[in-house]
Amino acid sequence: ASAAHALLVESFDLPLCLRHSPHTIAASCISLASLFFDFPLPSSPDAKWNQVIAVDDEELDEVGAALLDLLEPRAAAFATLPDPQAEADKEANKLRLWLQSRS
């Protein structure tokens, strides 16, 4: 649920609310979060989950694609950030070596 909420907050950077209903945007965020975490959404033999809440596949895909277009460059930027734990480990190793050289 927190991943879907985070996607919803990110959607505020787009004019999605001018073209799509709030429940369509929310459904798309839920769909993307479920895909990201490989969590299947419920469905019945008669209808898929998004059809039960009156969101068609095309609209769900359109909103999802817009969100992915927004988030992919941001994800790439985060991928290039240094790992804080690795940096801390490196500094700790420097300190250990310095302490060993002093004894």
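Student: How much space lies in the largest pocket?

Tutor: This is a predicted model, and about 370 Å³ of space lies in its largest pocket. Twelve residues line this pocket, and those nearest its centre are Leu7, Phe36, Leu68, Leu71 and Ala75. Helices α1, α3 and α5 are the elements that give two or more residues to the lining. The largest share, five residues, comes from α5.

Student: What classes of residue make up the lining of the largest pocket?

Tutor: The lining has ten nonpolar residues, two charged residues and no polar ones.

Student: Which elements line the second largest pocket, and how much space lies in that pocket?

Tutor: About 200 Å³ of space lies in the second largest pocket. The elements that give two or more residues to its lining are α3, α4 and α5, and α5 gives the most, with six residues. The lining has 16 residues, of which Ser31, Leu35, Trp49, Leu60 and Asp61 lie nearest the centre. By class, eight are nonpolar, five polar and three charged.

Student: Why does alanine 4 count as buried?

Tutor: The relative accessibility of alanine 4 is 14%. Buried means under 20%, so alanine 4 counts as buried. Alanine 4 has its place in helix α1, and it touches Cys29, Ile30 and Ala33, leaving aside residues up to four places away in sequence. The C-alpha atoms of alanine 4 and serine 31 are separated by 8.1 Å, although these residues are 27 residues apart along the chain.

Student: Which residues form the largest nonpolar core?

Tutor: That core has ten residues, namely Ala4, Leu7, Leu16, Ile25, Cys29, Leu32, Ala33, Val63, Leu67 and Leu71. At least two of its residues are supplied by each of α1 (2–11), α3 (22–36) and α5 (57–79). Helix α3 gives the most, with four residues.

Student: What makes such a set of residues a core?

Tutor: Its members must be buried residues of nonpolar kinds, joined through side-chain atoms within 4.5 Å. In soluble globular proteins, nonpolar side chains tend to be buried together. Leucine 7, one of the core residues, touches Cys29, Leu32, Ala33, Leu67 and Leu71, not counting residues up to four places away in sequence.

Student: Why is asparagine 50 called buried?

Tutor: Asparagine 50 has a relative accessibility of 2%. The limit for buried is under 20%, so asparagine 50 counts as buried. Asparagine 50 is found in helix α4 (residues 49–52). Apart from residues up to four places away in sequence, it touches Val55, Asp56, Asp57 and Leu60.

Student: Why is the pair of phenylalanine 36 and phenylalanine 37 called edge-to-face?

Tutor: The structure holds one aromatic pair. The ring centres of phenylalanine 36 and phenylalanine 37 are 4.8 Å apart, and rings pair if their centres lie within 6.5 Å. The planes of these two rings stand at 90°, and planes over 60 degrees apart count as edge-to-face. The pair is therefore edge-to-face.

Student: Are phenylalanine 36 and phenylalanine 37 buried or exposed?

Tutor: The relative accessible area of phenylalanine 36 is 65%, and that of phenylalanine 37 is 54%. Exposed means over 50%, so phenylalanine 36 is exposed, and phenylalanine 37 is exposed as well.

Key: Residues are numbered from 1 along each chain as its sequence is written. This is a predicted model: local features need pLDDT of at least 70, side-chain atom pairs count only at pLDDT 80 or more; totals for chains, interfaces and linings use all residues. Side-chain values use heavy atoms; hydrogens and water are left out. Buried means under 20% relative accessible area, exposed over 50%, partly exposed in between (1.4 Å probe, protein chains only). Contact means heavy atoms within 4.5 Å. Rings of Phe, Tyr and Trp (its six-membered ring) pair if their centres lie within 6.5 Å; planes under 30 degrees apart count as stacked, over 60 as edge-to-face and the rest as tilted. On a 1 Å grid over the protein atoms alone, a cavity is a set of points where a 1.4 Å probe fits but cannot get out, and a pocket is an open set with protein on both sides within 12 Å along at least five of seven lines; lining residues have an atom within 4 Å of a point. Grid points are joined across faces, edges and corners, and a volume is the space filled by probe spheres set on the points. Ala, Val, Leu, Ile, Met, Phe, Trp, Tyr, Cys and Pro count as nonpolar, Asp, Glu, Lys and Arg as charged, and the others, Gly among them, as polar.
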